[in-house]
Amino acid sequence: MLRVTRMGVAWQAVGCARGAYEHAVRYTKAREQFGRPIASFQLVQDLLVKMLSNVTAGTAMNVRASQLQDAGLLRDEHASLCKVHSTVRMRETVGWAREVLGGNGILLEHHVGRFVADAEAIYSYEGTREINTLIVGRAITGESAFV
């Protein structure tokens, strides 16, 4: 059961990250500073690229795991790896989205603050990062580090 639900959480994490990224992109195109959209600033573009990279990597990993699931080949460690990667990168991505929006990133009218709050819940359920890491670590090494 956890194998399936962890994949669901991994997909939720990618969706949360993507939502935050998309709202950040829209905001940077509309928000102007010094007479031009902040989307034209180098450091803003750097953060947008990092966010898109996280969303793309999470999507690709989860698609492959979903293919394994459809074929009946998904293992616990696959789902745990997807959950760990997707949720950690989600937190990073929504944090960068909030950073891009500055003080507006915590206002509900810009939506990113909601993704930040949702990210904390998504990060926590279906096993912590540490537990899922131990599942993957056991698969890699053949040694259980559970105490």
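## Terms and model

A nonpolar core is a set of buried Ala, Val, Leu, Ile, Met, Phe, Trp, Tyr and Cys residues joined through side-chain atoms within 4.5 Å. Buried means under 20% relative accessible area, with a 1.4 Å probe and protein chains only.

The model is predicted: local features need pLDDT of at least 70, side-chain atom pairs count only at pLDDT 80 or more, and totals for chains, interfaces and linings use all residues. Residues are numbered from 1 along each chain as its sequence is written, and side-chain values use heavy atoms, leaving out hydrogens and water.

## Overall layout

The chain holds five helices and two strands, in the order α-β-β-α-α-α-α from the N terminus. Helices (H or I, at least four residues) and strands (E, at least two) are DSSP runs, numbered from the N terminus.

The C-alpha trace spans about 60 × 30 × 25 Å along its principal axes. Of the 147 residues in the chain, 38% are buried.

## Nonpolar cores

The largest nonpolar core has 27 residues, and Cys16, Met51, Met90 and Val94 have the most contacts inside it. At least two residues of this core come from each of α1 (2-30), α2 (42-70), α3 (76-101) and α4 (112-124). The most come from α1, which gives nine.

Leaving aside residues up to four places away in sequence, Cys16 touches Met90, Val94, Phe115, Asp118, Ala119 and Ile122; contact means heavy atoms within 4.5 Å. Another core lies apart from the largest one and has seven residues, among them Ala10, Ala65, Ala79 and Cys82.

How values were computed
Buried < 20%, exposed > 50% of the residue type's maximum accessible area, 1.4 Å probe, protein only.
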